[in-house]
Amino acid sequence: MINSSLNPAYQYTPYQKGNCVKNIHTFDNNIKVYEHHFYEFQQKRYQKKNVHEPVEEDLFMRLVETFSTESFVFFDIGAAIGYYPILMKRLRPDAIIEAFEPLTMHRAYMQENFALNEIDTSSITIRDIALSNYNGTTKFIENQYGSSLVGMPPLKPGWRGHLHSTLSISSSIT
């Protein structure tokens, strides 16, 4: 556990289910995420300012305020652990969410975090696919939070990663 003496708002709450104990981090906006979903450098950053991504989150919230009162679809491309779908559901419970996340680990974390935050997932679709500029297959390098699509030049000996299905953005909207 990280020392929280820098920021009194920085808190972790132990959660136990059976023999498994998981620490829960609560951000200033009351979104909860399991501690093991973060890198240590993120945990240290949250000691100073207990916001997931201060600049991006501020922009996100200002943008959502401009949306009409009608229901809409929110696409989260590379949804990772589900932070922004959770934030969107807190701001606009009526939003329909399409969360694109090719990594199995992140999709599992996302579902854990939806449950932890008691998010109604009836209008959330988690898609096991990467968005690209074409439909098909591409090389995908898994490196936890640094994962990436790398295009489709010929595979070279020693290449690490795997092939992953892609969907073009225009195809995903229709």
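## Ground rules

Since the model is predicted, local features need pLDDT of at least 70 and side-chain atom pairs count only at pLDDT 80 or more, while totals for chains, interfaces and linings use all residues. Numbering starts from 1 along each chain as its sequence is written, and side-chain values use heavy atoms, with hydrogens and water left out.

Helices (H or I, at least four residues) and strands (E, at least two) are DSSP runs, numbered from the N terminus.

Let's start with α2, which covers residues 54–65. With 12 residues at 1.5 Å a residue, α2 should span 16 Å (the expected span is 1.5 Å times one less than the number of residues). The end C-alpha atoms of α2 sit 17 Å apart, which agrees.

Which residues of α2 are buried? They are Glu57, Phe60 and Val64, where buried means under 20% relative accessible area, exposed over 50%, and partly exposed in between (1.4 Å probe, protein chains only). These residues cover an arc of only 60° around the axis, which puts them on the same side of α2; the arc is that of the directions from the helix axis to the C-beta atoms. Turned away from that buried side is a face with the exposed residues Val55, Leu59 and Glu65. As for what covers the buried residues of α2, the list includes β4 (73–77) and α3 (83–91).

Setting aside neighbours within four places in sequence, Phe74 is in contact (heavy atoms within 4.5 Å) with Phe60, Tyr84, Pro85, Met88, Ile96, Ile97 and Glu98. Phe60 is one of the buried residues of α2. For Met88, which is 14 residues away from Phe74 along the chain, the C-alpha separation is 8.2 Å.

## Salt bridges

How many salt bridges are there? The count is 5, taking a salt bridge as a side-chain nitrogen of Lys or Arg within 4 Å of a carboxyl oxygen of Asp or Glu. One of them pairs Lys44 with Glu40, with 3.5 Å between the closest N and O atoms. Both belong to helix α1 (residues 40–48), and being 4 residues apart there, Lys44 and Glu40 are separated by about one helical turn. Lys44 is partly exposed at 44% relative accessibility, and Glu40 is partly exposed too, at 47%.

Next up, Arg92 and Asp94 join their side chains in a salt bridge at 3.0 Å, N to O. Here Arg92 is buried at 12% relative accessibility, whereas Asp94 is partly exposed at 31%. Then there's Arg107 with Asp128, also a salt bridge, at 3.0 Å from N to O. Arg107 lies in helix α4 (residues 104–116) and Asp128 in the loop between β6 (124–127) and β7 (130–132), so the pair ties together parts that are 21 residues apart in sequence. Arg107 is buried, at 15% relative accessible area, while Asp128 is partly exposed, at 45%.

## His37

Where does His37 lie? It's in the loop between β3 (32–34) and α1, and His37 is buried, with a relative accessible area of 0%. The His37 side chain makes a polar contact with the Glu112 side chain at 3.0 Å. A polar contact is a pair of N or O atoms within 3.5 Å; within protein, one must be able to donate a hydrogen and the other to accept it, and residues adjacent in sequence count only if both atoms are side-chain atoms.
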